[in-house]
Amino acid sequence: MAYLDINNVVKRYEGHTALDGVSMQVEQGCIYGLLGPNGAGKSTLIRIINRILAADEGTVTLNGKAMTDDDIAHIGYLPEERGLYKKMKVGDHIVYLGRLKGMTKADAVASMHWWLDRFNLKEWENKKVENLSKGMQQKVQFIGTVIHRPPLLIFDEPFSGFDPVNAEQLKAEILALRDQGSTILFSTHNMASVEEVCQQITLLNHSHVVLTGSVDEVKQQHKKNIIAVQTPDTIAANPDLFTLLPPDPVKKADTRIKLAAGVQVRDAINWLNEHYFLTGFSEVLPSMNEIFIETVKSKNVENNE
Amino acid sequence: MNKLRLIIAREYMSIVGRKSFIFMTLGMPLLFLLIMAVPVGLAYLNDKGSDTQQIAVIDETGRYAAALHSDDMYSFVAIKGDTVTNAREFYNKANGSLDAIIIIPRNVDSTGVVNIFSEGTITPALVSTIRNAITDTIESAHLAEMGIPNIQQMIDNAHVDVDVRSIKWSEEGEQESSTAASMGLGFMLSLIIYMFVLMYGAMIMNSVIEEKTNRIVEVVVSSCRPFQLMLGKIIGVGLVGLTQMAIWIVLLAVVGMVAGSALGIGNVSPEAVSPEALAKAQDLGAMQVIMNQVMSINYLPIICYFLLYFIGGYLLYSSLFAGLGSAVDQPSDSSQFTTPVILIMLIAFYAGMVCMENPTGPTAVWCSIIPFTSPVVMMVRLPFDVPTWQLMLSLALLFSTALAITWLAARIYRRGILHYGQKASFKDLFKWIK
């Protein structure tokens, strides 16, 4: 059984249904991407997992057991709408968040020192939060999320508000936490980061799951049998094997061909190799961004019909 | 429970640790002193600073001008031989050096009418000065006309000021109680509750809104239940209020002790005062009599009830404020929700004022039982012995309503803290409660 198992969850508000029979299985130790356009129901689902909201129907089990209020001690949650008490001292603040999650004072203080050291924020321990730069506040926020070493981490748009350098550091920390055994649920619409860190994804749209699986699987499912061929020659179309596509707007040097139905990559490449001088070729897999947009758009069309 | 304690401690420290708290706590008594001192000082400056008014006195009888004594404010100058017809001319001739002319007509003894003429405004103070002086003189003159020797002395001897002392029969025997002292105490207690509830209610609301605008609230409620956060806030801020009150009581006690020893009345014992003892007390200073009356009030039950009503009223209104505060994003948007609450408080306060005159009237009884007004109004009645059943009913209603409101507020709060953007209306609040 999956570590975090969300089974047929329904959440209704006055006038609309935010989640309509959503199921999702998150395996232990993976980084799981929860994707979807704004208003798809991601935040509602995350809040249900955090027990901030209660589901109207369906179950959420953690480690095989139905979740209770005590389980929130095992979750670290970085909400999209996040902030800190501006007047509190950095150290006190982190310890407060740790103790709210059930740590003892001594543990929280020790962990706070370790993390501040790791993020080079040691000399800020006794400064008020309001005196920190935006980037430093984000780091403090991150420390507050992970201080109690939770086995399940939930990040809602973690990289928003980070500059590229800090985002890179944050990504490294998230991967390190995964390697130490934490399971990470990652909600975002930044598709580049999804491809870099996530193994599994679920795409929500209009309160439903519209796509789920491993990143590789999803890409294979959505591939359009396009091959980028590097050659100095000008290739002519061969309707039995492939058609020519207009060049990629970014990598103009490549010639892009679309295989005819049922044609294997090998056959097309063999034929090309016999007739032209090939320097290289690669299968073009759609980016997560393309899959996201394509899926969301097609579902919206369906819904409108 | 542990989390609740953490939240309470954080909330408490976040306010008590502020410089503004220390400033407020020490500044408020000073502000009160200032508010009391300023009118007195201003009146003094007003009298002191104004020029002496020149007033001509045309005394047609020739007997009463001497009764008007000149002082710093008025300089009376008697003018002889003039008549009413040229008074205006006389005033004009003076070219503004005269402020007014008083004419005491020949028939003043029978009519009792004196006129003042002026182009400027005649102040109430001047009118009363003249009235008192002339009345006294005419009275003495009338008495003298009766031809009875030593009549003034006889009247003085016959004169009494009846002092009504209220003595209450209670289990401990006879106790002198003072209506004035009870009224003063009642007013003070109701004012304290009114001010604290408003002040600390506003503080809680700001604290709720601040957590929302800071966006910390979702981080916190992912670690505890929203109800714990709200309750922790209410208790934490309430403890701040009690701390502030304790500091003031200590300050008051210190000031009282210093003042008491300075006046030499520190040793008054609050024992039962029998009429015989009262007779003896006649020759004690008036100050001591008042002190005795203040001391004679039975404070222990009053303090206990005060604390109960303070807690109940505070819980009722602060949870209302917390619930309403959670529905808005910015303090400036809160007025649509707070106005009705403040209005109810104001009604309670006015009801309290009315009940001071008649603490057992129907308005007083009803308003001291209805939960929203009872914390303020009952304070006014408390020093006047409220029937136990009324106290119990009122307290039971207050606490059950407070708990019900806290429950409702928690339901609004739970939804409100995660509600951003579009301004919530009262309709939304009702939906959230469901």
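User: What is a nonpolar core, and which residues have the most contacts inside the largest nonpolar core here?

Analyst: A nonpolar core is a set of buried Ala, Val, Leu, Ile, Met, Phe, Trp, Tyr and Cys residues joined through C-beta atoms within 7 Å. Buried means that 20 or more other C-beta atoms lie within 10 Å of a residue's own; exposed means 12 or fewer, partly exposed is in between, and C-beta atoms are placed from the backbone. In soluble globular proteins, nonpolar side chains tend to be buried together. This is a predicted model, where local features need pLDDT of at least 70, side-chain atom pairs count only at pLDDT 80 or more, and totals for chains, interfaces and linings use all residues. Residues are numbered from 1 along each chain as its sequence is written, with chains lettered from A and ligands numbered from 1 in the order in which they are written. Here the largest nonpolar core has 130 residues, and Ile154(A), Ala322(B), Val377(B) and Met379(B) have the most contacts inside it. Helix α12 (residues 299-325) of chain B gives the most to this core, with 11 residues; helices (H or I, at least four residues) and strands (E, at least two) are DSSP runs numbered from the N terminus.

User: Which residues does Val377(B) contact, leaving aside neighbours within four places in sequence?

Analyst: Contact means that C-beta atoms, placed from the backbone, lie within 7 Å. By that rule, the partners of Val377(B) include Ala348(B), Cys355(B) and Ser368(B).

User: How many residues does each chain bring to the contact?

Analyst: Chain A brings 19 residues and chain B brings 16 residues. On the side of chain A that touches chain B, helix α2 (residues 90-100) of chain A gives the most, with three residues.

User: What is the strand order in the open sheet of chain A?

Analyst: Strands of a sheet pair through backbone hydrogen bonds, either parallel or antiparallel. Two strands pair if DSSP finds at least two bridges between them. The open sheet of four strands runs β2-β1-β4-β5 in chain A, with antiparallel pairing. Its edge strands, β2 (16-26) and β5 (65-66) of chain A, each pair on one side only. Strand β4 (residues 57-62) of chain A joins β5(A) over two bridges, and Thr61(A) has Ala66(A) in β5(A) as its bridge partner.

User: Where is Asn225(A) found, and what is its phi?

Analyst: Most residues other than glycine have a negative phi. Asn225(A) is not a glycine, yet its phi is positive, about 55°. Look for Asn225(A) in the loop between α7 (215-221) and β11 (226-230) of chain A. Asn225(A) counts as partly exposed because it has 17 C-beta neighbours inside 10 Å.

Terms used. Two residues are in contact if their C-beta atoms, placed from the backbone, lie within 7 Å.
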